[in-house]
Amino acid sequence: MIDHEVAERLATRAGDLLLDVRAEFATADAAERKAAGDKRSHEFLMTELARLRPNDAVLSEEATEEERANSARLTSDRVWIIDPLDGTREFSELDRDDWAVHVALWESGELVAGAVALPAQNTTLHTPEVAAPRAVDGPPRIVVSRTRPPAVALAVRDALDGVLVEMGSAGAKVAAVIQGRADVYVHAGGQFEWDSAAPVAVARAAGLHTSRIDGSPLVYNREDPKLPDLVVCRPELAERVLAITSTQ
């Protein structure tokens, strides 16, 4: 099985497992449902990657600090970067579909494969081939958190005379741009590599612009996995968006 297929199948199967967890814990409290989803998806992905790619390293959001410190990933040429459940809050709310599973492969300095499963939407977006979003008439749509839109996104909205589209997880936001349901995703102020690796890999395959908010490249598999800001947008909007974000 090639790496693209591994990413797609594992993300999709983890998503199916999470739908089962959601049903199993439908009457439990939200905290219990979140914890079960995080744990089971992480364990599934780690087990399957150990079976399918035993010589590769893994960086997971759900790994302990000790596991990350003892990981061989910094000396490995191949590292899977995974978020077993992106958007735990949305996952815990049974009527929401804006949560995701991220599976990406970093190899020798580059993201080379990725998949973003949107289980409640019955969709998995994955490399190597992703359809580019079609142009849509109307003001640019800037996708933001429904609870805490960053100031930089509001600045982009004002400069482009755009509109805000509220959504949950980072994966769901990038997926909305890939699917043509939004035009720009700008974030600043607190993310890690697992929040963006798979979405960025898929966005690049769809021909979208991806970068830091200052226009510099997104770099993965660093010793410190914090990667606090990014821009994903339609390529024709990139120059205008970066003119705003690079000054923030």
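Residues are numbered from 1 along each chain as its sequence is written. Since the model is predicted, local features need pLDDT of at least 70 and side-chain atom pairs count only at pLDDT 80 or more, while totals for chains, interfaces and linings use all residues; side-chain values use heavy atoms, with hydrogens and water left out.

**Exercise 1. Check the overall dimensions: what radius of gyration does the protein have, and what would a compact globule have?**

Step 1: The globule rule is 2.2 Å times the number of residues to the power 0.38, and the radius of gyration is taken over C-alpha atoms.
Step 2: For 248 residues a compact globule would come out near 18 Å; the protein has 17 Å, so the two agree.
Step 3: Along its principal axes, the C-alpha trace spans about 50 × 45 × 30 Å.

**Exercise 2. Find the largest nonpolar core and say where it lies.**

Step 1: Buried means under 20% relative accessible area, exposed over 50%, and partly exposed in between (1.4 Å probe, protein chains only).
Step 2: The largest core has 37 residues, and Ile 81, Ile 178, Tyr 185, Tyr 220 and Val 232 have the most contacts inside it.
Step 3: Domain 1 (3–126) and domain 2 (141–246) both give residues to this core, so it lies between them. Those bounds come from an automatic or database domain assignment.
Step 4: Apart from this core lies another, of 23 residues, with Ala 7, Ala 36, Ile 82 and Ala 117 among them.

**Exercise 3. Work out whether Leu 111 is buried or exposed, and which residues it touches.**

Step 1: Leu 111 has 14% relative accessibility, so it counts as buried.
Step 2: Take contact as heavy atoms within 4.5 Å. Leaving aside neighbours within four places in sequence, Leu 111 is in contact with Leu 105, Trp 106, Ala 197, Val 200, Ala 201, Arg 204 and Tyr 220.

Methods
A nonpolar core is a set of buried Ala, Val, Leu, Ile, Met, Phe, Trp, Tyr and Cys residues joined through side-chain atoms within 4.5 Å.
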